[in-house]
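This briefing is meant to be read alongside the sequence and the three-dimensional structure. Its points are grouped by topic.

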Amino acid sequence: PWWLAKLQREVGVGSDGGSRPLALHMTRDPTLYRDVLDLCDKLFDAACPLDVREEASMAFFRRLLKRPDIHRTEPQRDDSALQHVIEFIRAHCTESLSLERIATEAGLSPTYLVRSFKRRYGITPHAFLTDCRVRHGQAALKSGGAIADVALECHFADQAHFQRTFKRFTAATPNQYRRVT
């Protein structure tokens with residue numbers, strides 16, 4: 001969200017420091033589809049230099065953010081409880097966190113939390129928790145942690161579960177990631 005918020009400010013959309021939710025979740029626009037395919041070609045081309053991939057990503061999202069239909073037009077809501085949830089999950093991602101515990105911490109019902117979190121951020125609190133755990137795992141692997149130890153530290157059931165989830169989120173196994181970084 002911080003990366004997207006920065007780009008939104010660059011193109012003149014939003015200035016409150018946070019990212020503004022996107023309205024477009026599905027489209028049949030052939031131009032946008034080709035743009036996504038072109039971006040993917042660059043991102044997944046191992047021979048493409050990193051700076052070219054980064055610039056292609058930024059150029060794509062700058063064009064996307066300038067579309068008139070891209071942002072939600074719903075009224076502003078007080079998202080302070082959701083921001084607290086984000087901070088709480090980040091701070092406690094290596095602990096056992098149930099939806100009920102997160103909801104209690106935010107002072108919301110579990111059902112309302114899931115609906116409002118998904119509406120605001122486009123993912124569920126559980127998906128965000130998993131992402132935080134994978135990011136924590138990335139940092140631990142960079143520091144030289146053993147994969148099995150990192151898996152347990154990040155509160156995955158076992159090393160195999162960590163490896164499957166890590167690969168799904170990063171397109172690399174923990175061992176591949178550790179060798180590259």
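Predicted model: local features only at pLDDT ≥ 70, side-chain atom pairs only at ≥ 80, totals over all residues.

Two packed helices are described by the angle between their axes and the distance between the axes.

**The pairing of helix 4 and helix 7**

- The crossing in which helix 4 passes helix 7 is right-handed.
- On the side of helix 4, the contact is made by Ile-86, Ile-89 and Arg-90.
- Helix 7 contributes Pro-125, Phe-128, Leu-129 and Cys-132 to this contact.
- Phe-128 is in contact with Ile-86, Ile-89, Arg-90, Phe-117 and Ile-123, when its neighbours within four places in sequence are left aside.

**The largest nonpolar core**

- The largest nonpolar core has 15 residues, and those that touch the most other members are Val-85, Ile-89, Ile-102, Leu-113, Phe-117 and Phe-128.
- At least two residues of this core come from each of helix 4 (80-92), helix 5 (99-106), helix 6 (110-121) and helix 7 (125-142).
- The greatest contribution is that of helix 4, which gives five residues to this core.
- In soluble globular proteins, nonpolar side chains tend to be buried together.

**The chain as a whole**

- The secondary structure consists of ten helices and zero strands.
- Along the sequence, this gives the pattern α-α-α-α-α-α-α-α-α-α.
- Taken along the principal axes, the box filled by the C-alpha atoms is roughly 50 × 45 × 25 Å.
- Of the 181 residues in the chain, 32% are buried.
- Among contacts with a separation of 6 or more, 55% are between residues 24 or more positions apart.

**Residues with a positive phi**

- Most residues other than glycine have a negative phi, and most peptide bonds are trans.
- His-155 has a positive phi, near 65°, although this residue is not glycine.
- The loop between helix 8 (147-153) and helix 9 holds His-155, which is partly exposed with a relative accessible area of 36%.
- Ala-171 likewise is a residue other than glycine with a positive phi, near 65°.
- Ala-171 belongs to the loop between helix 9 and helix 10 (174-180).
- Ala-171 has a relative accessible area of 57% and is therefore exposed, since exposed means over 50%.

- Is Thr-165 buried or exposed? Thr-165 is buried, because its relative accessible area is 4%, which is under 20%.
- Thr-165 lies in helix 9 (residues 159-170).
- Not counting residues up to four places away in sequence, Thr-165 touches Thr-130, Val-134 and Phe-156.
- Cys-40 is part of helix 2 (residues 30-43).
- Cys-40 counts as partly exposed, because its relative accessibility is 30%.
- Cys-40 and His-155 are 115 residues apart along the chain, and their C-alpha atoms are separated by 32 Å.

Technical notes. Residues numbered from 1 in each chain as written. Heavy atoms only, no water. Core = buried A, V, L, I, M, F, W, Y, C linked by side-chain atoms within 4.5 Å. Buried < 20%, exposed > 50% of the residue type's maximum accessible area, 1.4 Å probe, protein only. Helix = DSSP H or I, 4+ residues; strand = E, 2+ residues; numbered from the N terminus. Contact = heavy atoms within 4.5 Å. Left-handed = near helix turned anticlockwise from the far one by under 90°.
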